Amino acid sequence: MNTIVHTDPILVLGGTGKTGRRIIERLTKRGIESRVGSRSADLPFDWLDRTTWVPVVQGVRSVYISYQPDLAVPGAVETVQAFADLAIRNGVQNLVLLSGRGEEEAQQAEQVIKDSGANWTILRASWFSQNFSENFLLDAVLSGTVALPVGDVGEPFIDTDDIADVAVAALTEQGHAGQLYELTGPRLITFAEAVDEISWMSSQSVNFEQITPEQYSEALGQYGVPEDVVALVMYLFTTVLDGRNANVADGVQRALGREPRDFSEYVRDAAATGIWNGPK
Ligand SMILES: NC(=O)c1ccc[n+]([C@@H]2O[C@H](COP(=O)([O-])OP(=O)(O)OC[C@H]3O[C@@H](n4cnc5c(N)ncnc54)[C@H](OP(=O)(O)O)[C@@H]3O)[C@@H](O)[C@H]2O)c1
C-alpha cells in the first residue's frame, strides 16, 4: 500500500495507554512526528475538559481516538461526536477509532465517526491480552487468584501489538479509509484457560475462580472502585461476555496481510519480562 506523506504530527489520544503507547513507539521508529493526547501530556488533553481539545488538534491532520474509560459509558457517544466535529472544524481529515466488539454503544460511536465527514477507519477490538499484564487484571494475577464472573465462554483475546500495527497502517498508509476492521486473536480461549497458560508459562501458581456477578461487584466495591467503573466492568463481564463475541474475525489479516499473534506468544513474551513474578 502507498504511504501517506506526513508533514504534520499525528495525534494519538490515550497515547500513554496500552494501545496508544505502542502506536507512538511505532510512529517514532518510522520518524513520523506524533503528539500524545492525554492528561499527563506536555499539552494536556482531557475528555472531561473541552477547553483542552482545540490546542491539541491544532496543526494535526490524523487522529487515533481511544476513548476513556470506554465507549459504553453514558455520554461517550455525544462526547466523541463533539470531539470529531471540533477536530474537523480545525482541519483534521483522518480519524481512526478504537472500538469494542459487541458493545451497542460503541457501535453508535462508530456511526458518529463514519458520518463525521472525515476519512475514517474503525478498529473494533476484542478483549486485550495485555489486560492480564498491564493494569486491570494484573493485581489479580499477582495475588494468585483471578476471580471473575465469567464461565466457559471463549474470547478471542487480541494482542495490543496487533492493534497498534493496524492503527499505524491506517494512520500512515493509503487503502484503509472506509474500512471497519474487526480485530481478534486467532483462537477462542476461556478466562480459565488464559489463566492456566499464564500460570504454566510464568511458573507461578495462579488459579482461576468463577464467582457470581454479585460477589464480583461487592469485591470491587470493597476495593474502592468507583460505582460507575463497577457498573462498566459488570457490563463488560456480563453483557459483552454472553457469547456474542465467541467467534474469530479476520481484521488483522485484512489490514496487514498476516495472521494475528496467538495468546501463547503474548504469554511467552510477557512472562519473559518477569511481570508475573511479583510476591504472592
Ligand atoms: N481493555 C480491553 O480489553 C479493551 C477491548 C476493546 C476496546 N477497548 C477500549 O480501549 C480503550 C482503552 O484504551 P487503552 O486500553 O489503550 O487505554 P489504557 O491503557 O486504559 O490507558 C488510558 C489512556 O487514556 C488516558 N486517559 C485516561 N483518562 C483520560 C481522560 N479523562 N482524558 C484523556 N485521556 C485520558 C491515559 O493517560 P493519562 O492518565 O495521562 O490521561 C492513557 O493514555 C477504551 O476506549 C476501551 O473501550 C479496551
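**A close look at R124**

Mentor: Start with the contacts of R124. Leaving aside residues up to four places away in sequence, R124 touches S99, G100, R101, Q107, E110, L180, Y181, E182 and L183. Keep in mind that this is a predicted model. R124 sits in strand β5, which runs over residues 119–125. Is R124 buried or exposed? Its relative accessible area is 16%. Buried means under 20%. R124 therefore counts as buried.

Now turn to helix α4. This helix covers residues 104–114, and V112 is part of it. V112 has a relative accessibility of 10%, so it is buried. Which residues does V112 touch, not counting those up to four places away in sequence? They are V77, V80 and Q81. There is also a distance to look at here. V112 and D85 are 27 residues apart along the chain. Their C-alpha atoms are separated by 9.7 Å.

The largest nonpolar core has 67 residues. Within this core, F83, F132, F191 and W276 touch the most other members. Which helix gives the core its largest share? Helix α3, residues 76–89, supplies that share, with 8 residues. Take F83 as an example. Not counting residues up to four places away in sequence, F83 touches L11, L13, F45, W47, W53, V57, V63 and I65.

How many residues surround the ligand? The number is 25, and the closest are T16, R39, S40, Y67 and N131. Sorted by class, this shell holds 9 nonpolar, 12 polar and 4 charged residues. Look now at single atoms. A backbone N or O atom of Y67 is 2.5 Å from an oxygen atom of the ligand. For N131, a polar side-chain atom lies 2.8 Å from a ligand oxygen atom. S66 also takes part: an N or O atom in its side chain is 3.2 Å from an oxygen atom of the ligand. How much of the ligand does the protein cover? On its own, the ligand has 910 Å² of accessible area, and the protein covers 84% of that.

Go back to the start with this in view. R124 is a buried residue in strand β5. Find R124 in the model, then trace its contacts, Q107 and E110 among them.

Methods:
Residues numbered from 1 in each chain as written. Predicted model: local features only at pLDDT ≥ 70, side-chain atom pairs only at ≥ 80, totals over all residues. Heavy atoms only, no water. Near = heavy atom within 4 Å. Polar contact = N/O pair within 3.5 Å; in protein donor to acceptor, adjacent residues only side chain to side chain. Areas by Shrake-Rupley, 256 points an atom, 1.4 Å probe, with all protein chains shown as cover. Nonpolar A, V, L, I, M, F, W, Y, C, P; charged D, E, K, R; others polar. Core = buried A, V, L, I, M, F, W, Y, C linked by side-chain atoms within 4.5 Å. Buried < 20%, exposed > 50% of the residue type's maximum accessible area, 1.4 Å probe, protein only. Helix = DSSP H or I, 4+ residues; strand = E, 2+ residues; numbered from the N terminus. Contact = heavy atoms within 4.5 Å.
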